[in-house]
Amino acid sequence: MIDNVEVAGGADPLVTAAILAAVTRLEEERTALAAAPRKRPLRGRWVLSGRPREVAPPIVRPAPNTEGWSVTSDESEGDN
């Protein structure tokens, strides 16, 4: 850890203790972060865009009721 530290600028003993406590705390946090395994990086939108995804089923439209509207060859030729 911290062995020999000199605080310049004429700090009194309480300020020096506060500075050393803050530096000690930062060193402890840095050591704890270094000991923890790194997380996997998140995949960006560019990477995810090439991945397979769920596709919604096609829209099924109901067939119109065509009863009585069909034209047969007999009806179309008979009007002439």
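Modeller: Arginine 25 and glutamate 29 form a salt bridge, with their closest N and O atoms 2.9 Å apart. The term salt bridge means a side-chain nitrogen of Lys or Arg within 4 Å of a carboxyl oxygen of Asp or Glu. This is a predicted model, where local features need pLDDT of at least 70, side-chain atom pairs count only at pLDDT 80 or more, and totals for chains, interfaces and linings use all residues. Residues are numbered from 1 along each chain as its sequence is written, and side-chain values use heavy atoms, with hydrogens and water left out.

Both partners sit in helix 1, residues 13-35. Helices are DSSP runs (H or I, at least four residues), numbered from the N terminus. Arginine 25 and glutamate 29 are four residues apart, about one turn of the helix. Glutamate 29 has 37% relative accessibility, so it counts as partly exposed. That class lies between buried (under 20% relative accessible area) and exposed (over 50%), using a 1.4 Å probe and protein chains only.

The whole structure holds two salt bridges. Glutamate 27 pairs with arginine 30 in a salt bridge, the closest N and O atoms being 2.7 Å apart. These two also lie in helix 1, three residues apart, about one turn of the helix. Glutamate 27 is partly exposed because its relative accessibility is 27%. Side chains of opposite charge can pair when their charged atoms come close.

Now the surface. Valine 23 belongs to helix 1. Its relative accessibility is 37%, so valine 23 is partly exposed.
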